[in-house]
Amino acid sequence: MEISLWLNNVFIKDNIAPNTLLLDYVRSKGCYSVKRGCETSNCGLCTVILEGKPVLSCSTLAVRANGKHVITMEGLQEEAAEVGGFLADQGSEQCGFCSPGFIMNVISMSKELKDPTLEEVKGYLAGNLCRCTGYQSQLRAVLNYLNAKKEAK
C-alpha cells in the first residue's frame with residue numbers, strides 16, 4: 001500500500017504493509033526517540049505528534065498518517081533540549097527511559113493549552129508511565145517549566 005506523509009517536515013512516499021504500525025514505520029526511518037514500551041497504549045513511550053496532537057504510535061496504523069504531518073523528537077530538537085534540560089535541572093528524571101514520550105507530551109501541551117490548570121496538566125500527562133519516580137518531581141518540574149515559559153513572554 002502506498003502512503004505519503006511529512007515526517008519531521010520531510011515529505012516521504014513509501015510502500016508499506018497495511019498492518020504496519022506507525023511506531024515501526026517511524027523507527028524504520030531513523031526516529032529512534034520513539035520507543036517500544038508496553039505495546040498496549042499504556043505507557044506513552046511511543047508518543048509522536050500527528051497533525052498537532054500527541055498520539056500513541058504503538059496503536060496507530062501508519063496508513064492513518066497518510067497525507068499528514070508526523071513529528072517525533074528528532075524534529076523538535078531545540079524544544080526537546082529545552083524541556084529535557086529543564087526537567088533534568090529540576091531533578092525530575094532518574095533513568096530517562098520515559099523522557100522522550102514525556103517531553104513530546106509536554107511540548108504538545110504547552111502549544112495546545114495556554115494557561116493550564118493543575119488538573120489539566122495532570123490529565124494531559126496521565127498516559128506517561130515512569131517506573132523510577134513518584135511523578136511529583138515531574139509534575140512540579142512541568143508546572144515550573146510552564147510558568148517559566150509564561151514569564152518569558
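## Salt bridges and cores: a guided tour

Select K150 and D115. Their side chains form a salt bridge, with N and O 3.0 Å apart. Keep in mind that this model is predicted. Now colour the elements around the pair. K150 belongs to helix α5, while D115 sits in the loop between α3 and α4, so the bridge ties together parts 35 residues apart in sequence. Buried or exposed: which is D115? D115 has a relative accessible area of 52%, over the 50% cut-off, so D115 counts as exposed. K150, at 44%, is partly exposed.

V142 and M109 have the most contacts inside the largest nonpolar core, a set of 22 residues. Now select the helices behind this core. Two or more residues each come from α2 (77-89), α3 (99-112), α4 (118-125) and α5 (136-152). Which of them gives the most? That is α3, with six residues. As background, nonpolar side chains in soluble globular proteins tend to be buried together.

Return to the charged pairs. How many salt bridges does the structure hold? There are six; two further ones are worth a stop.

Select D14 and K29. Their closest N and O atoms are 2.7 Å apart. D14 is in strand β2 (residues 10-15). K29 is in the loop between α1 (22-28) and β3 (47-50). The two residues are 15 apart, and the bridge links distant parts of the chain. K29 has 37% relative accessibility, so K29 counts as partly exposed.

Finish with D24 and R36. Here the closest N and O atoms of the salt bridge are 2.1 Å apart. D24 lies in helix α1, and R36 in the loop between α1 and β3. They are twelve residues apart, and this pair too links distant parts of the chain. Check the surface once more. D24 is partly exposed at 31% relative accessible area. R36 is partly exposed as well, at 34% relative accessibility.

Definitions and conventions
Residues numbered from 1 in each chain as written. Predicted model: local features only at pLDDT ≥ 70, side-chain atom pairs only at ≥ 80, totals over all residues. Heavy atoms only, no water. Core = buried A, V, L, I, M, F, W, Y, C linked by side-chain atoms within 4.5 Å. Buried < 20%, exposed > 50% of the residue type's maximum accessible area, 1.4 Å probe, protein only. Helix = DSSP H or I, 4+ residues; strand = E, 2+ residues; numbered from the N terminus. Salt bridge = Lys/Arg side-chain N within 4 Å of Asp/Glu carboxyl O.
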